Amino acid sequence: MQASAETKASPSFAIAPALLAWYDAHARSLPWRAPPGAPPPDPYRVWLSEVMLQQTTVAAVGPYFERFTRRWPTIADLAAADEAEIMAAWAGLGYYSRARNLVACAREVVRLGGFPSTEADLRKLPGLGAYTAAAVAAIAFGEAAVVVDANVERVVARLFAITDPLPGARPAIREATATITPPVRAGDFAQAMMDLGATVCTVRSPRCLLCPLRGACRAEAAGIAEALPAKTPKKPKPTRKGRVFWIEREGAVWFVRREAKGMLGGMRALPDDGWHARADGHGEGPVAGPWRSGGVVRHGFTHFDLELQLMLCDAAEMVHQLPPEEGEFWPLVRLDEAGLPTVFAKAARLALSERS
Ligand code: SF4
């Protein structure tokens, strides 16, 4: 089946009205949203939520969004905040380049005197990709921008029976989404598509009998809904290995600040060896040993899995070798406030269980 040929003829069924009527009754209530048909929400809240939601679930984002907006209620507050505090508050959400871009973007918006109101101008802000610019333009400013996230991708691939696999099918899906995006209530339409994908047109076992778009859905008619969107098989992820060091003194643990560029850049962390393991598990740590193994920490990143050997230092007098300008001793009783990325929080939990 030719994806592009299919998308040229959109179903005669009135998709946008049917979907908006469903949304009026079934919209998810989320802290960054305005109710269906209400005036648009504050662009700051829309932008912040959309950045947080990239690669992250609604359930995980909720508490972070509440904390951020309580602490920095306006974009001017966020722009004036200390970058290290924002990075620490972001800890656990992952994809830390988003937090760095957040600060840069907030400062640029304040410099401009407010958010630009068009997709094209939003796209020029630091860190705003095509998806986020379209989502903010549609939801906060009502522009009929074409908003395609993973949920929308799934709904549209099914509606139009686009059988080419992702990611190659993305242009056809986008083209098809454009044919059904209405000129009014574009923000509600985008959010309705997201909600339909999240609650009805789910990855497995889509609930087609409850779907307001069933009358237009080609995949459902053909009995292939659950198989779409097709995906090009992923290559298996490589595993990287390394060592992470736990150095404790008088109820405090040694943390470093990671280099600004690169993985988890700018975050507070335990020292490590750059994740290039030495086969013998020994060798140099941040201080001369002796070291002993405290077990293995495993963590999955998008492009690789990581296995870190936790190394504990039993020679308390060695900690005086640590250069004070390279890190700090952080009190164990305040570990929760350190803002550690998840992989280092896992290592800390393992270290604490190992020594108790
Ligand atoms: S009918 Fe089924 S497959 Fe089609 S859009 Fe609705 S839930 Fe998805």
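Predicted model: local features only at pLDDT ≥ 70, side-chain atom pairs only at ≥ 80, totals over all residues.
**Ground rules.** Residues count from 1 along each chain as its sequence is written, and side-chain values use heavy atoms, without hydrogens or water. Local features need pLDDT of at least 70 and side-chain atom pairs 80 or more, while totals for chains, interfaces and linings use all residues.

**Overall.** I got 14 helices and seven strands for the protein (DSSP runs, H or I of at least four residues and E of at least two, numbered from the N terminus). The C-alpha trace spans about 75 × 45 × 30 Å along its principal axes. Of the 356 residues, 47% are buried (under 20% relative accessible area, 1.4 Å probe, protein chains only). I then checked contacts (heavy atoms within 4.5 Å): among those with a separation of 6 or more, 69% join residues 24 or more positions apart.

**Helix H4.** Residues 58–71 form this 14-residue helix. Its C-alpha span, first to last, is 20 Å, close to the 20 Å expected at 1.5 Å a residue (1.5 Å times one less than the number of residues). I list Val-61, Gly-62, Tyr-64, Phe-65, Phe-68 and Thr-69 as its buried residues. They pack against H3 (43–53), H5 (75–80), H6 (83–90) and H7 (97–112).

**Ligand.** What surrounds it? I found Arg-158, Val-200, Cys-201, Cys-208, Cys-211, Arg-214, Cys-217, Glu-220 and Ala-225 (a heavy atom within 4 Å). By class, that shell has six nonpolar, three charged and no polar residues (Ala, Val, Leu, Ile, Met, Phe, Trp, Tyr, Cys and Pro are nonpolar, Asp, Glu, Lys and Arg charged, the others, Gly among them, polar).

Terms used:
Buried < 20%, exposed > 50% of the residue type's maximum accessible area, 1.4 Å probe, protein only.
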